[in-house]
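Hello,

I am handing over the structure below.

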There are 2 protein chains.
Amino acid sequence: MSGHLEQIRLDSYKPLRELVCEHIREAIINGVFAPGERLMEIQMADEMGVSRTPVREAIRKLEMEGFVVMIPRRGTYVSNMSIRDINDVYEIRISLDTLAAGLAAERISDEELEELQRLLVKVGNAIEENDMAKVVEADIEFHDVLYKASRNERLRNIINNLREQITVIRGVSMRYPGRLKDTQEEHRRLVESIAARNVEKSQEAARIHLENAERTLMIAMSERKGGEELRNSLGAKK
Amino acid sequence: MSGHLEQIRLDSYKPLRELVCEHIREAIINGVFAPGERLMEIQMADEMGVSRTPVREAIRKLEMEGFVVMIPRRGTYVSNMSIRDINDVYEIRISLDTLAAGLAAERISDEELEELQRLLVKVGNAIEENDMAKVVEADIEFHDVLYKASRNERLRNIINNLREQITVIRGVSMRYPGRLKDTQEEHRRLVESIAARNVEKSQEAARIHLENAERTLMIAMSERKGGEELRNSLGAKK
DNA sequence: ATGTGGTATTTTGTATACAGTATTATTTTT
DNA sequence: AAAAATAATACTGTATACAAAATACCACAT
């Protein structure tokens, strides 16, 4: 019962279940709920000041998205990302990001291309300032423009969902020495290839970017594995 | 109010929402509900003999899966697959099926390989007998063994979801003259390549198979477009 | 000390009730 | 007669109540 969720305010037109869903997703991504932790409906509903109904509907969505696991008549638990899961996600993402980059090279508009270059600078600045939150934010924006430019909304949704699923762990690789600089260089090549409307080079750049990201993440995870393993196994049991 | 859903019977351990979800999904795939048709919660709940709660939760899931579209405070409508949608789905599937075939070539077990060859024969027999239902069933089994053999459950889920989304329309291309024979030959090459554990050839075979399937579907759809267009636009309005 | 059984509590699963909004029909006004 | 306003209706969104199942706890026996 560690996580304290903020109260929900209904300022928007969105249904409550959407707000609740985003709220819980954020909490999981930000580590407010530990992997393996049990999520209880009444408790969360009370904390957010809503009833169980929207909470239940939100949980169904999070289950589809892979953030939580439901065991019938038992309850809901925060998903526990294993090395295996990371591997599975990256296998798919290497494929889909490559596809998206190729499509973007064919279909991107001039305005989007400018936007992409602007965001490249933004990520760069954030790296200079060593402002991790800003790096993450700009990086998400950067990639999303790319996915939009692929002109395939399904593709965009699937990739963004996969990205979010590993967000919890991605911080680990971001803090790995030298990774950010490499990232920036890989992004630069990618934008360059897309700007040249070169499909093959864009695909190649995307593939390399993802493969490097995966490799770093795997290394980073195995290095801090000792302490992590203990915590996870405890978390899973409790 | 055209579609009549059967009553739900709770013989299984599964939660009601799952049964309801599968029920509605089947109805959409089998054309009981026309594309664009409005789905009303109370009505469906009554028809199936359950309350609104599990129906609502089922609809949320179907929304995530892409079978229905929800407009807040307006209602739920059966998704209307456009040429554009088909194109989007196949773009992704060409990528993912290629990936899956490559992984399967590396990871498939001898037992699965046997199973694959058995199913290849089963599909072949169904084609000989011109038994469409059996073809569809065997084809689904065949591909699912392949996806399982990729040893990536996420990948399997994503592909199967994409497959289901276009099931409504796939019948069209299956009935296209000569397509089934071609399919069988493409399947045969795919199994052959996987049996030889040849990653590149397997990927190539999968890509060709999907590209052909898409091409045929597009042709078949454009040919029967005249009557279809009218029905769709009516369905969307009503 | 340990294991088994039963009861109490907690939590999920489902049903229903109520409130608010969108749509449709009706009426009134120009 | 047409358009606008208003009332009626029907549906979704949310809350709550009730039932069934699972877990936790405690007593008792071995």
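**Helix packing in chain B**

In chain B, helix H1 (residues 16–29) packs against helix H3 (residues 52–65) at an angle of about 55°, and their axes are 8 Å apart. Helices here are DSSP runs of H or I with at least four residues, strands are runs of E with at least two, and both are numbered from the N terminus. Axes are lines fitted to C-alpha atoms, for helices over the stretch in contact, and angles run from 0 to 180 degrees between N-to-C directions. H1(B) and H3(B) are therefore oblique to each other; angles under 35 degrees count as roughly parallel, over 145 as roughly antiparallel, 65 to 115 as roughly perpendicular and the rest as oblique.

The crossing of H1(B) past H3(B) is right-handed. A crossing is right-handed if the near helix is turned clockwise from the far one by less than a right angle, and left-handed if anticlockwise. On the H1(B) side the contact is made by B:Leu16, B:Arg17, B:Val20, B:Cys21, B:Ile24 and B:Arg25, and on the H3(B) side by B:Pro54, B:Val55, B:Glu57, B:Ala58, B:Lys61 and B:Leu62. Two residues are in contact if their C-beta atoms, placed from the backbone, lie within 7 Å. Sorted by class, this contact of H1(B) with H3(B) has eight nonpolar, no polar and four charged residues. Ala, Val, Leu, Ile, Met, Phe, Trp, Tyr, Cys and Pro count as nonpolar, Asp, Glu, Lys and Arg as charged, and the others, Gly among them, as polar.

**Source and numbering**

This is a predicted model, in which local features need pLDDT of at least 70 and side-chain atom pairs count only at pLDDT 80 or more, while totals for chains, interfaces and linings use all residues. Residues are numbered from 1 along each chain as its sequence is written, and chains are lettered from A and ligands numbered from 1 in the order in which they are written.

**Chain A**

Chain A has eleven helices and three strands. Read from the N terminus, its elements run α-β-α-α-β-β-α-α-α-α-α-α-α-α. Of its 238 residues, 34% count as buried. A residue is buried if 20 or more other C-beta atoms lie within 10 Å of its own, exposed if 12 or fewer, and partly exposed in between. Among contacts in chain A with a separation of 6 or more, 72% are between residues 24 or more positions apart.

H1(A) packs against H3(A) at about 55°, with the axes 8 Å apart, and H1(A) passes H3(A) in a right-handed crossing. H2(A), residues 41–48, also meets H3(A): their axes come within 9 Å and cross at roughly 115°. This crossing, too, is right-handed. A:Glu41, A:Ile42, A:Met44 and A:Ala45 of H2(A) meet A:Arg52, A:Val55 and A:Arg56 of H3(A). By class, that contact has four nonpolar, no polar and three charged residues.

**How the two chains meet**

Chain A can be laid on chain B with an RMSD of 0.1 Å by a turn of 180° and a shift of 0.0 Å along the axis. That is the relation of a two-fold axis. The superposition is by least squares on the C-alpha atoms of residues with pLDDT of at least 70 in both.

Each side gives to the contact: 20 residues come from chain A and 20 residues from chain B. In chain A, helices H3 (52–65), H4 (83–107) and H7 (153–165) each supply at least two residues of the side that touches chain B. H4(A) provides the largest share, seven residues. By class, the side of chain A that touches chain B has ten nonpolar, two polar and eight charged residues. Of the interface residues of chain A, 100% are also interface residues in chain B, so the copies meet through the same surface.

**Single residues**

Most residues other than glycine have a negative phi. A:Arg73 is not a glycine, yet has a positive phi of about 65°. A:Arg73 lies in the loop between strands E2 (68–71) and E3 (75–78) of chain A and is exposed, with 7 other C-beta atoms within 10 Å.

B:Arg197 likewise has a positive phi, of about 55°, although it is not a glycine. B:Arg197 sits in the loop between helices H9 (179–195) and H10 (199–223) of chain B and is partly exposed, with 14 other C-beta atoms within 10 Å.

Regards
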